[in-house]
Amino acid sequence: MLSERRSRLARMPHFLDTSLADVVQTKAANSLARAFGMSTVADLLSHYPRRYVVRGELTSIASLEVGEHATIVAQVESVQSGPMRQRRGMLFEVVITDGVGRLSLTFFNDRYRVDKLKVGLRGIFAGKVGEFNHRKQLAHPDFELFDDDELDRMDMEAYATKPIPIYPATSSLPTWTIRRFVGMALTGLGPVSDPLPEEIRQRYGLLKASDALNFIHRPGILDQVDLAERTLRWQEALTLQTALLQQRAFVRAMSATPRTAGSLLERFDASLPFSLTPDQQSVGEKIAEDLVTPWPMNRLVQGEVGSGKTLVALRAMLQVAQSGGQSALIAPTEVLAGQHLRSIAKMLGPRMAPELMPTLLTGQMPAAVRRKAALRVASGQALIVIGTHALLSDTTTFAELALVVVDEQHRFGVEQRETLRAKGSSPHALVLTATPIPRTVAMTVFGDLDVSTIRTMPEGRAGIESFVAPVGEKPGWFGRVWARVAEEVAKGHQVFVVCPAIDSEKSAKEPGAVEAPPVEGEAPKARWGVVQAAALLAEHPAFADIRVEILHGKMAGDDKDTIMRAFADGDIDVLIATTVIEVGVDVPNASTMVILEADRFGVSQLHQLRGRVGRGGVPGLCLLVTESHPGSPARQRVEAVAATLDGFELAEADLQLRGEGDVLGSMQSGAQSSLRLLRVVKDADLIAEARSVADGILTADPTLDAHPGLASAIERRLDMSERAAMVKS
């Protein structure tokens, strides 16, 4: 029966929207769904090879790094076997070579597989690189030997030079298994609708969609790969930009209640003890204009840490509150939400705060307190609401939600922003980020938003000095770091100490934390956690009379808030924390920031952390402690941060050092932005051209009736991204 079903499926054409279970076995479809969030043929065929090898080339064994999952092409040099010493059974050792280096493959009691590995055969070997007796090895690797039957069907030269795609894989789904599934999907694939208009394909010399898929997955020569990738990048760019412009048009088509400023904003501005910066004034004017338009505002405000974005957002809230509208500010952490509440209440002052009644709503609040807060929100008594993901709950309702403010947009997705907006009648949206965004990234990720930038800083900031403490080659500097901390406390100042983990011995990480990807020069495992740093200072003689506390994301909400309040009030001298203090924490008396294992953080994250000090009249000092090797990529990104305070310059450096895959990864929780082949640095001109083409298409054909292939591609991208987000969560 099973063979009959396979035979029937093989004869039936399938399409991009066909379920994978109808093309590969149900068990295989389930494996692909678990590993990559795939459910359709389109999902599988969008899983592009990460590189190609040819049979005539051998991969350099010397380039392999211990701990990485490697896929290499090599030749079997020797096969040996013998009894295991500590237990019953046989140990098989196979040595493979690239002609220069050698790598051991070890198998335990697996004669059946080892018998296939004859001396002289070549193949692809995959597994995690380990080390035993100072020699690299793969234990129980997967492998695929080159097919002699295929050699019989092809001439020697074609066989030796035909590219073999190597796919992003997992331990349970090696590259050749994925390649086999891709072959099944391509075989019998029916007509593929083309996202690219014929005129665009001809203008840029691009392939039809079906040819591009065949060439990227089953190339005869490498030149076909280049052409296929160029075509698929164009498809991706046009699909993405059209989707973003559609979202922009969708918002513009809504009707919003104009919100005119009045006495509330006038009284607030008159009470300010300082003048707005030029950028705060110009951005504020744009927002004020947006709020009186008949369609909802959809604006991103980016600005340096401490540039006054919260003040700009509060002025918008007051403009909305004038006509009884409520504003909801959603923050990524309870610490930040609590900080915003205190900051906004302080800025409003004792006269205006009772009128606006700023109210905090988080998931960790005691049930009775939360019910009271929710009632104030639902009744409209609270005109300013600040919270975490609890604001997205079905039980949270608003009387008249008129403005949604999203702080640190890269911590949220497009769907979460829209979920909150759905609680009102076409409310305005203001998105804030302290992570400066390069132009091409903004165009790719936030193309549905109008973008404003605050560059000028408020007067009175003392500034920050940053230094690299290279304790790897200068161990004595580690002691000097703690002596410097003690000196700052003796001056009456406070200090942050940031660690990459909660407990390095238990590998306890901050909830939701995203480490920078491992790079050359970085230790494979974090050495310093909050627990370890606290233990060190507890034994340090210079800290006997210094008040030290810890803070991390796994602590109870009340405990976190209590500690943060105590630090803000000056009752704690040194706060050892994870990146939970990365954004929004405002303690003007904090003068020094020590970041342990700074190479484990991204450039933008280091810049964010550094922005927690030097916020008042006290000069700031940031010590970036690292054991990374001089000249390594890990050291380069730490030194890049120490070299400049310009966040926009650092954002560009981050893009160059880390690549946009990781930079975007922290921003693109939203459905429309996950990139596959498109690269925002390399393809900046292509993205700009695609946006122009998309604008022309939508101007002439707003509903895409004449472009069914493009409409289908957009729908598939949204579906695919939603599934990927579900797998991620």
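Take Arg201 and Glu198 in this predicted model: they sit 3 residues apart in helix H8 (residues 198-204), so about one helical turn separates them. Their side chains meet in a salt bridge, at 2.2 Å from N to O. That pair belongs to a structure that holds 28 salt bridges.

**The charged pair**

- Here's the general idea: side chains of opposite charge can pair when their charged atoms come close.
- For Arg201 and Glu198, the N to O distance is 2.2 Å, and a salt bridge here needs a side-chain nitrogen of Lys or Arg within 4 Å of a carboxyl oxygen of Asp or Glu.

**The sheet with 7 strands**

- How many strands does the open sheet with the order E11-E12-E10-E13-E14-E9-E15 have? There are 7, and their pairing is parallel.
- At the edges you'll find strand E11 (359-361) and strand E15 (450-454), and each of these pairs on one side only.
- Going from one strand to the next, the twist averages 20°.
- Look inside the sheet and you can follow strand E13 (residues 401-407) running parallel to strand E14 (residues 428-433), with 5 bridges joining them.
- Leu403 is a handy spot to check, as it stands opposite His428 in E14.
- Two helices lie across strands of this group. One is helix H12 (residues 278-291), which lies across strand E9 (298-303), E14 and E15 and runs at about 155° to E15.
- The other is helix H14 (residues 334-356): it lies across strand E10 (326-330), E11, strand E12 (384-387) and E13, and its direction is at about 165° to E12.

**The sheet with 6 strands**

- Another open sheet has 6 strands in the order E16-E21-E20-E17-E19-E18, again with parallel pairing.
- Its edge strands are strand E16 (464-470) and strand E18 (548-551), each with pairing on one side only.
- On average, and ignoring direction, neighbouring strands in this sheet are turned by 20° against each other.
- E18 runs parallel to strand E19 (residues 574-577), and 4 bridges hold the two together as a pair.
- Which residue in E19 is the bridge partner of Ile550? That's Ile576.
- Helix H19 (residues 530-539) lies across both E18 and E19, running at about 150° to E19.

**Helices that pack on each other**

- A quick reminder: two packed helices are described by the angle between their axes and the distance between the axes.
- Helix H10 (residues 222-252) packs with helix H25 (residues 684-700) at an angle of about 55°, and their axes are 8 Å apart. That angle makes H10 oblique to H25.
- The crossing of H10 and H25 is right-handed. Residues that meet here include Trp234, Leu238 and Leu245 in H10, and Leu686, Ile687 and Val693 in H25.
- Sort the residues of the H10 and H25 contact by class and you get 12 nonpolar, 3 polar and 5 charged.
- Helix H11 (residues 263-271) packs with H14 at about 160°, with 10 Å between their axes. H11 and H14 are therefore roughly antiparallel, because angles over 145 degrees count that way.
- H11 passes H14 in a right-handed crossing. On the H11 side the contact uses Leu264, Arg267 and Phe268, while H14 brings in Met347, Leu348, Met352, Glu355 and Leu356.
- The H11 and H14 contact has 6 nonpolar and 2 charged residues, with no polar ones.
- Helix H21 (residues 603-610) and helix H22 (residues 633-643) have axes that come within 9 Å and cross at roughly 40°. H21 and H22 are therefore oblique to each other.
- H21 passes H22 in a right-handed crossing. Val603, Leu606 and Arg610 of H21 make the contact with Arg637, Val638, Val641 and Ala642 of H22.
- By class, the contact of H21 with H22 has 5 nonpolar, no polar and 2 charged residues.

- Gly130 lies in strand E5 (residues 122-132).
- How many residues apart in sequence are Gly130 and Val66? They're 64 residues apart, yet in space the gap is 5.4 Å, C-alpha to C-alpha.
- Leaving out residues up to four places away in sequence, Gly130 touches Val66, Arg135, Lys136 and Gln137.

Conventions. Residues numbered from 1 in each chain as written. Predicted model: local features only at pLDDT ≥ 70, side-chain atom pairs only at ≥ 80, totals over all residues. Heavy atoms only, no water. Axes fitted to C-alpha atoms, helices over the stretch in contact; angles between N-to-C directions. Parallel < 35°, antiparallel > 145°, perpendicular 65-115°, else oblique. Left-handed = near helix turned anticlockwise from the far one by under 90°. Contact = heavy atoms within 4.5 Å. Nonpolar A, V, L, I, M, F, W, Y, C, P; charged D, E, K, R; others polar. Pairing = 2+ DSSP bridges.
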